[in-house]
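Here's a quick briefing to read alongside the sequence and the 3D view. Have both open as you go.

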Amino acid sequence: MGASLSNSAEGGANGGDNGPGLGDIPEACVACVFLYLTPIEICNLARLNRAFRGAASSDNVWESKLPVNYQDLLQLLPPDRYHDFSKKDIFSLFARSVSLDDDTKQVWVDKVTGSVCLSISARAMSITGIDDRRYWSWIPTEESRFQVVAYLQQIWWFEVDGAVNFPLPPDIYTLSFRLHLGKFSKRMGRRVTNYEHTHGWDIKPVRFEFTTSDNQHAISECCLDDMEADEMKESLKRGCWIEYKVGEFIVTECESAPEIRFSMKQIDCTHSKGGLCVDSVSIIPSDLTKRRMVSK
Amino acid sequence: MASSSSSSLSRVVVKSSDNNLFVVNKKVASQSQLLKQCIDNMEEKGTNDVILIPLSNVTSNILTLVLEYCEKHADFADDDNNNQELKQWDHEFLKKFDYATLNSLTMAADYMVTKSLLNLCCQFIADSIKDLTVQQIRQIFDIKNDFTPQEEADIKNENAWAFR
């Protein structure tokens with residue numbers, strides 16, 4: 001059995017008047033306690049004393065916190081990125097988010113629940129008219145995890161398509177587009193938005209869609225802007241990042257690396273539209289928020 | 001090899017570290033993998049005598065509690081694990097102990113390989129310390145900070161990712 005975690009006198013073991021303290025529990029038992037705690041809580045307890053720090057580095061503990069398919073995730077990286085890594089190092093590597101494919105994708109493991117989350121940059125998508133400066137441009141910004149977003153000035157045929165093939169652990173996932181109505185910039189340290197190009201999104205809804213390689217399919221439609229009627233009031237849909245949920249899909253053990261094709265379209269060419277930033281598509285476990293609450 | 005029916009034991013005697021004897025029926029004892037292993041070994045040898053199992057690490061106070069737990073769980077051994085009544089009982093059972101007893105019980109469960117009791121204790125400890133600060137835990141459980149300032153800085157660095 002592992003060394004005692006006590007820093008009190010040696011003979012304390014089981015016979016003392018007050019019985020053993022928390023510091024006397026063998027390392028194997030502390031590791032068992034850690035199974036019921038979140039990674040953040042474990043890292044906090046590592047500050048207690050040397051013995052707790054030791055238990056908080058154990059591979060057994062961290063193996064249970066890692067996603068079941070972490071080996072598949074590691075395969076996506078060059079081996080020298082995780083050479084000699086302990087299980088805890090692997091967890092912290094993914095918890096800090098890992099960039100893939102020339103930083104057009106990022107995968108990360110949620111620090112509380114160990115769930116796998118994925119984000120795909122607009123840079124990895126096929127955007128109609130993207131090379132024509134009259135329609136689209138790229139805006140560098142800290143507001144995107146990819147440091148850049150696609151900005152649409154104006155266009156008639158609005159279409160953004162993408163696909164991803166990624167090893168996801170079995171779960172139910174929600175796919176969303178992250179969009180921002182209006183252009184933003186920083187002036188004198190303050191965030192400024194302007195809507196000079198923003199038009200056309202209140203006329204007809206945008207159609208969001210995805211299909212997986214095992215034939216799961218979802219469609220949703222949404223008007224990105226409010227009716228012009230309440231021009232006086234600042235629209236709630238303008239000037240902030242909004243996640244537009246397309247739908248949910250299930251990943252099972254037998255289909256663990258599904259290909260997902262997604263798109264966003266507004267191709268009614270009787271009117272133009274513009275003034276929209278496209279950041280990314282995110283794929284996140286549907287009940288992540290709820291799970292985080294439960295483990296807190 | 002003797003046939004299992006003729007050499008099957010119905011009871012064992014367990015001796016605590018302070019030399020008290022406990023007569024335990026086999027079904028109850030089998031909740032502990034350590035005791036079960038002893039019984040199986042003796043049965044294989046074909047012993048008909050009542051066997052004595054000394055537990056040098058467990059006091060009578062704690063052994064009484066472990067056996068109380070094993071007895072209850074032996075009654076439910078054929079039910080599925082999600083029995084609500086049993087869960088309720090588990091909760092009430094642990095609730096009445098102070099931390100020192102809980103810690104001893106955890107260590108005894110580990111030593112006697114009573115996995116479900118070990119898990120139960122560990123979950124209970126986890127729930128009771130998860131919302132405390134490091135200072136509070138040190139104070140309540142009398143754990144001394146044995147880190148050098150350098151080590152403290154190292155830990156802060158190596159775990160910074162978790163708090164960002």
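Let's start in the middle: of the 104 residues in the largest nonpolar core, A:F34, A:A150, A:L175, B:V66, B:A108 and B:C121 touch the most other members. (A nonpolar core here is a set of buried Ala, Val, Leu, Ile, Met, Phe, Trp, Tyr and Cys residues joined through C-beta atoms within 7 Å; a residue is buried if 20 or more other C-beta atoms lie within 10 Å of its own, exposed if 12 or fewer, and partly exposed in between, with C-beta atoms placed from the backbone.) Keep in mind that this is a predicted model: local features need pLDDT of at least 70 and side-chain atom pairs count only at pLDDT 80 or more, while totals for chains, interfaces and linings use all residues. Residues are numbered from 1 along each chain as its sequence is written, and chains are lettered from A and ligands numbered from 1 in the order in which they are written.

- The top contributor is α7(B), with 8 residues; helices (H or I, at least four residues) and strands (E, at least two) are DSSP runs, numbered from the N terminus.
- Domain 1 (10–65) and domain 2 (116–294) of chain A both give residues to this core, so it lies between them. Those bounds come from an automatic or database domain assignment.
- The C-alpha centres of these two domains of chain A lie 45 Å apart.
- Leaving out residues up to four places away in sequence, B:V66 touches B:L105, B:A108, B:A109, B:M112, B:T114 and B:L117. Contact means that the C-beta atoms, placed from the backbone, lie within 7 Å.

**A helix pair in chain B**
- Helix α6 (residues 99–111) and helix α7 (residues 115–129) of chain B pack at an angle of about 150°, with axes 8 Å apart. Axes are lines fitted to C-alpha atoms, for helices over the stretch in contact, and angles run from 0 to 180 degrees between N-to-C directions.
- On the α6(B) side, the contact is made by B:L102, B:L105, B:T106, B:A109 and B:D110, and on the α7(B) side by B:L117, B:L118, B:C121, B:C122, B:F124 and B:I125.
- Those contact residues divide into 9 nonpolar, 1 polar and 1 charged. In this count, Ala, Val, Leu, Ile, Met, Phe, Trp, Tyr, Cys and Pro are nonpolar, Asp, Glu, Lys and Arg are charged, and the others, Gly among them, are polar.

**Where the chains meet**
- Chain B puts 32 residues in contact with 33 residues of chain A.
- On the chain B side, α6, α7, α8 (134–141) and α10 (160–163) each supply at least two residues, and the largest share, 8 residues, comes from α6(B).
- That side of chain B divides into 15 nonpolar, 11 polar and 6 charged residues.

**Around chain A**
- Chain A has 7 helices and 15 strands, and buried residues make up 40% of its 296 residues.
- In helix α1 (residues 27–34) of chain A, 6 of the 8 residues are buried, so the helix is largely enclosed by the rest of the structure.
- The buried residues of α1(A) pack against α2 (39–45), α3 (50–55) and α4 (59–65) of chain A, together with α6 and α7 of chain B.

- A:D101 isn't a glycine, yet its phi is positive, near 45°. A:D101 sits in the loop between β1 (98–100) and β2 (105–109) of chain A.
- A:N215 also isn't a glycine and has a positive phi of about 65°. With 7 C-beta neighbours inside 10 Å, A:N215 counts as exposed.

Technical notes
Two residues are in contact if their C-beta atoms, placed from the backbone, lie within 7 Å.
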